Amino acid sequence: MTWSFPLGRILGSEVRVHGTFLFLIAWIAVTAFSTGGVAGAVVNVVFILALFACVVAHEFGHALMARRFGIRTPDITLLPIGGLARLERMPDRPGQEIAVALAGPLVNVVIAGALFLVGVRPGFAMLGDASGIGAILAGLLSVNVILVLFNMIPAFPMDGGRVLRGALSIFLPRLKATRVAVRVGQGFAILFAAYGFYTGSFMLPLIAVFIFFAGNAELGEMAARARVADLSVGDAMVSDFTHLSPDAPLAAAAELSETGDQDIFPVIGSDGRLHGFVTRDCLHEAPRQGDPTPRVRDIIGAAPRTLPISRGADALFDVLSDAPAIGVTGPSGRVVGFVTQAQAMALLRRRRAR
Ligand SMILES: [Zn+2]
């Protein structure tokens with residue numbers, strides 16, 4: 001996500017903070033300082049940091065449950081409106097989806113329960129004036145209860161909405177279940193926005209916008225997957241192409257790239273293995289002379305992804321979202337073709353036109 005920076009890695013996921021989150025902290029500090037002085041500012045900032053620690057714990061509830069089903073969570077981002085765990089893919093079994101969705105709020109139930117057991121009682125006494133640790137804990141107990149209740153509203157893609165989609169997809173095809181859940185969620189989004197404007201809260205309309213667009217985006221992606229469900233990666237790939245050797249001098253490679261209308265070139269070793277991709281622009285911008293002679297391997301980017309030729313074409317969406325192109329391997333493991341983002345989009349357009 002742009003505008004965010006990493007805090008560190010916890011349990012295999014990178015925890016990131018969105019830049020606007022810092023503005024939120026600054027805003028809270030300034031507001032609290034104006035009414036409660038330094039002590040008020042400190043108490044309120046400590047409270048908001050503790051609250052967001054609870055939000056991170058909530059997201060790790062999702063991530064750790066997803067991991068039980070073999071799904072990694074590359075990153076978790078903290079936004080002013082809450083946390084966002086980016087799962088590598090969504091579980092497709094209804095039971096797994098429901099378990100992953102419930103695991104987040106369950107963490108907040110545990111935190112609230114633990115606070116209650118040690119004698120903390122809910123309350124928001126501290127929100128105006130500055131008082132000590134007791135007020136912070138009382139506030140934390142309250143917000144954990146609110147987090148559970150709010151997240152369980154069936155407004156897809158919030159947790160309650162994912163539970164709803166999971167439950168619906170026991171009876172309905174998954175795409176249809178998603179469509180129903182997204183429309184229900186958008187109904188809630190309109191209610192949130194209206195209530196937010198009515199009460200003067202800027203947070204609810206923001207959350208409403210997120211629900212509205214994130215729901216549409218996920219529905220669009222599912223519909224796209226459904227359209228290519230009967231195709232394989234082999235159907236989408238380019239099999240007649242020019243490739244480059246990693247040892248080829250850049251000058252020769254740049255010359256070769258001029259001969260056809262190919263814009264992106266797989267770099268394939270003598271063993272048939274994919275080393276990466278280089279674009280024509282990249283070949284032309286790189287210095288071609290020098291000592292030692294620059295070679296194609298010097299300008300290859302990150303390690304490339306590959307998919308077997310027989311995999312379903314919907315797998316392309318998972319890998320092409322953060323790679324410009326992927327290699328396609330035959331039964332022997334050698335590269336037999338490649339698919340770019342543009343080709344995957346063209347495949348979708350052809351399917352839509354049918
Ligand atoms: Zn959640």
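Seven aromatic pairs are counted in this predicted model. Rings of Phe, Tyr and Trp (its six-membered ring) pair if their centres lie within 6.5 Å; planes under 30 degrees apart are stacked, over 60 edge-to-face, and the rest tilted. Residues are numbered from 1 along each chain as its sequence is written. The model is predicted, so local features need pLDDT of at least 70 and side-chain atom pairs 80 or more, while totals for chains, interfaces and linings use all residues; side-chain values use heavy atoms, without hydrogens and water.

**Aromatic rings**
- Trp 27 and Phe 202 pair edge-to-face, with centres 6.0 Å apart and planes at 90 degrees.
- This pair links distant parts of the chain, 175 residues apart: Trp 27 is in helix H1 (residues 19–68), and Phe 202 is in the loop between helix H5 (174–199) and helix H6 (203–227).
- Helices are DSSP runs (H or I) of at least four residues, numbered from the N terminus.
- Ring pairs also join Phe 150, Phe 188 and Phe 192 into a cluster.

- His 58 in helix H1 and Asp 159 in helix H4 (residues 159–171) are 101 residues apart.
- Both His 58 and Asp 159 are buried (under 20% relative accessible area; exposed is over 50%, partly exposed in between; 1.4 Å probe, protein chains only).

Key: Helices (H or I, at least four residues) and strands (E, at least two) are DSSP runs, numbered from the N terminus.
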